[in-house]
Amino acid sequence: YVNVGSSCNVCEEEDSRRGTLLRYNLDGSGEEIFAAGLRNSVDFDWQPSTGALYATDNGRDLLGDDYPPCELNLVERGVFYGWPYANGDNRPDPDFGEGNEDKIRNARPPAHDFRAHNAPLGITFLRHPDTPPSLRGAALVALHGSWNRTELDGYQVVSLHWDAEGKITERPFVSGFEKGGDVIGRPVDVAEGPDGDIYISDDYAGAIYRVVLASNARAGGRAASSALTSTKRPAERPVAVSNPLAEFDDATRTALVARGEALFAENACGTCHVASLAGPGIIVKELEGLAAKFTVPSLTGFFLTPQPPMPVFALPEDDRQALAVYLLSKYPN
């Protein structure tokens with residue numbers, strides 16, 4: 001089984017394999033579209049008690065803070081799940097819903113809604129016999145965190161619980177990756193170790209976290225708290241100074257500001273940070289008070305590991321410094 005995500009935010013794909021779950025024979029033959037209308041089902045797993053296949057799915061962007069929801073779908077062979085014609089509980093998409101009423105009517109709604117833009121990625125059903133009673137039969141889902149949203153949301157691992165009627169309840173499992181708009185991590189995947197310990201990958205902090213079962217901690221003498229192995233962590237932000245540009249003479253500062261302004265335009269930074277330049281549906285992240293948060297060196301380094309949803313800027317250090325000087329001169333307060 002292979003997930004193939006969409007090539008776009010919302011569109012009608014030329015390749016019918018986009019936005020689907022494919023299935024192959026073990027030798028790679030017999031390719032078939034197992035299920036369609038799945039915008040980006042990054043991960044999937046089979047529920048041990050029923051054999052049912054569940055997949056996460058990332059909803060589209062540019063329709064506001066709270067719509068559409070991201071999804072958990074009960075995936076069955078030959079079923080269509082709505083994208084790009086419908087979102088959430090088969091509500092017509094504003095761009096592609098009109099004229100596709102039959103497809104929407106026949107689409108399967110999600111088994112569970114995650115909050116909009118939470119970006120559910122990895123999903124793992126817990127199978128170990130020593131799993132604590134509160135987690136038996138549960139699935140863990142890594143929420144990578146929001147992009148097109150005024151206030152960040154997601155950035156945690158949640159557990160999903162099925163009751164006797166099949167209703168799904170979502171509960172927090174591991175949180176603390178984001179607080180007050182400050183992001184330190186983005187969960188990607190969840191794996192269950194052979195002893196039942198749980199491992200969580202984080203592509204922002206460059207880390208793998210281990211959550212130790214209390215029974216394992218008692219048996220093996222390990223600490224019951226979670227452990228961390230990290231290859232890199234975002235650097236702590238140094239305390240800003242009152243005049244972050246004081247180190248530059250007038251001529252140097254003027255040249256850096258001019259170069260930084262050009263880089264700001266070349267990299268289309270204004271489409272996310274300037275309301276007059278933003279496209280339809282973009283949630284503008286206004287720039288303000290930068291001098292209270294950054295120095296030139298810290299902002300120069302920030303571009304290498306920026307907080308979501310800002311992309312990494314693969315610029316040489318001189319260009320990153322010029323961009324930092326321009327921003328600190330333009331938006332100090």
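Two rings of Phe, Tyr or Trp (for Trp, its six-membered ring) are taken as a pair if their centres lie within 6.5 Å, and the pair is called stacked if the planes are under 30 degrees apart, edge-to-face if they are over 60 degrees apart, and tilted in the remaining cases. The model is a predicted one, in which local features need pLDDT of at least 70 and side-chain atom pairs count only at pLDDT 80 or more, while totals for chains, interfaces and linings use all residues. Residues are numbered from 1 along each chain as its sequence is written, and side-chain values use heavy atoms, with hydrogens and water left out.

By the ring rule, eleven aromatic pairs are counted. The rings of Tyr54 and Phe125 have centres 6.0 Å apart and planes at 55 degrees, so this pair is tilted. Because Tyr54 belongs to strand E5 (residues 53-57) and Phe125 to strand E10 (residues 120-125), the pair ties together parts that are 71 residues apart in sequence; strands (E, at least two residues) and helices (H or I, at least four) are DSSP runs numbered from the N terminus. Tyr54 is buried, with a relative accessible area of 7%, and Phe125 is also buried, at 0%, where buried means under 20% relative accessible area, exposed over 50% and partly exposed in between (1.4 Å probe, protein chains only).

An edge-to-face pair is formed by Phe177 and Tyr209, with 5.6 Å from centre to centre and 70 degrees between the planes. Phe177 lies in the loop between strand E13 (168-174) and strand E14 (178-179), whereas Tyr209 lies in strand E18 (residues 207-211), so that parts 32 residues apart in sequence are tied together. Phe177 is buried at 5% relative accessible area, and Tyr209 is buried at 13%. Elsewhere, ring pairs link Tyr1, Phe34, Phe44 and Trp46 into a cluster.

Nonpolar cores were also identified, each being a set of buried Ala, Val, Leu, Ile, Met, Phe, Trp, Tyr and Cys residues joined through side-chain atoms within 4.5 Å. The largest nonpolar core has 24 residues, of which Phe264, Val296, Leu299, Phe303, Leu323, Leu327 and Leu328 touch the most other members. Two or more residues of this core come from each of helix H3 (250-266), helix H5 (296-302) and helix H6 (317-330), and H6 gives the most, with seven residues. When residues up to four places away in sequence are not counted, Leu299 touches Phe294, Ala324, Leu327 and Leu328, contact meaning heavy atoms within 4.5 Å. A second, separate core of 18 residues includes Val183, Ile200, Tyr209 and Val211.
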